[in-house]
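Hello,

Here is the structure for your files. My notes on it follow below.

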Amino acid sequence: MPSVLGNKIKISVFGESHGAAIGCVIDGLPAGIRLDMDKIYKEMARRAPGKDKTSTTRKESDTPNLLSGVLNGTTTGAPLAMIIENTNTRSGDYGNLMTVPRPGHSDYPAYVKYQGNNDIRGGGHFSGRLTAPIVFAGAVAKQILEEKGIKIGSHISKIAGVCDDCFDKNNISSELLEQLSNASFSVINSETEAGMREAVEHARLKGNSVGGVIECAAIGLPVGIGGNIFDTVESRLSAALFGVPAVKGVQFGAGFDFADMLGSEANDGYEIKNGSVHLLSNNNGGIIGGMTSGAPIVFSVVVKPTPSISVEQQSVNLQTMENAPLIVKGRHDPCIVPRAVPVIEAVTAVVLLDLMM
């Protein structure tokens, strides 16, 4: 079960949703990096469950406990190991899922692949809970990137058909990204929040769930980071982003809208501005030929509706090999999108730091 990301900066994620703890090991960090723990706690709180009705009622503090790699608040150059204890579990809610798998979840393929030995409680190692250590790793990566003038931020672009304003792909300020990072519900146009929350609540009251889209941006990257063929910035980011549970699509810049454009509309022209080269537009999302172009990296990910819903669904009994109805018990997010925002940023930070190394 490979759970390792990166080449020069390697992130290894471990644990299960209802196990004793979850955590990660970060290998390859340079020594002498002063970690701002308050910033790390802030990132962890953005992802933490139990804040409002858009998320699960399971409450976990998600406080990271550093085991190695940091001395007096500064990285030592040794592997940085961290754990988060699981303190609020109700494993009995998952007792029927080993024999009757959830549609849309990992239960059935994991049952076959691991001969029924996988931990089904809370989804085990397949749970979205495993994104908490990823956010920790991303918070560390963000601090290193910010020292290099690189800033990452994102917003909820859509939930259940309710749309936020889009980034101006060629003009994204550090102030806007900071504003989004400080928001409890990350949208550019504050008037869209009520409609999104209403859509989530409507689904929640019916025992259902909804999905959405997150738009992410990274600014301040130099030109020429990345490579071609199979080592492009897009391929490296996409591979990591698809490791986030519930992500089912990624597009860069104009993405699928390129299909409706002429070449003259799609191409990003150049100009000399203040003695340096600038792009006139950013349809390619800051990446050309697999390398950074100097414009902001802009991409979107689509997050599917949470598969664990209390609406009756059609499944099968794997022991009797008969059709069986399923009603999922337990505490689950009616919409995972708001809590996924810092996760997408974290994955982006880890990949970009690895590319920068």
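Of the contacts in the protein with a separation of 6 or more, 72% join residues 24 or more positions apart; a contact here means heavy atoms within 4.5 Å. This is a predicted model, in which local features need pLDDT of at least 70 and side-chain atom pairs count only at pLDDT 80 or more, while totals for chains, interfaces and linings use all residues. Residues are numbered from 1 along each chain as its sequence is written, and side-chain values use heavy atoms, with hydrogens and water left out.

Overall dimensions come next. The radius of gyration, taken over C-alpha atoms, is 21 Å, which agrees with the value near 21 Å for a compact globule of 357 residues. The globule rule behind that value is 2.2 Å times the number of residues to the power 0.38. Along the principal axes, the C-alpha atoms fill a box of roughly 70 × 50 × 40 Å. The accessible surface is about 16300 Å², and carbon and sulfur atoms hold 53% of that surface; areas come from the Shrake-Rupley method with a 1.4 Å probe, and for residues only the protein chains shown count as cover. Buried residues make up 50% of the 357, where buried means under 20% relative accessible area, exposed over 50%, and partly exposed in between (1.4 Å probe, protein chains only).

The protein has eight helices and 18 strands. These are DSSP runs numbered from the N terminus: helices are H or I of at least four residues, strands E of at least two.

Two strands count as paired if DSSP finds at least two bridges between them; β8 (residues 151–159) and β9 have two, in the antiparallel sense. K158 stands opposite C163 in β9.

C24 is buried at 0% relative accessible area, and C335 is buried at 1%.

Regards
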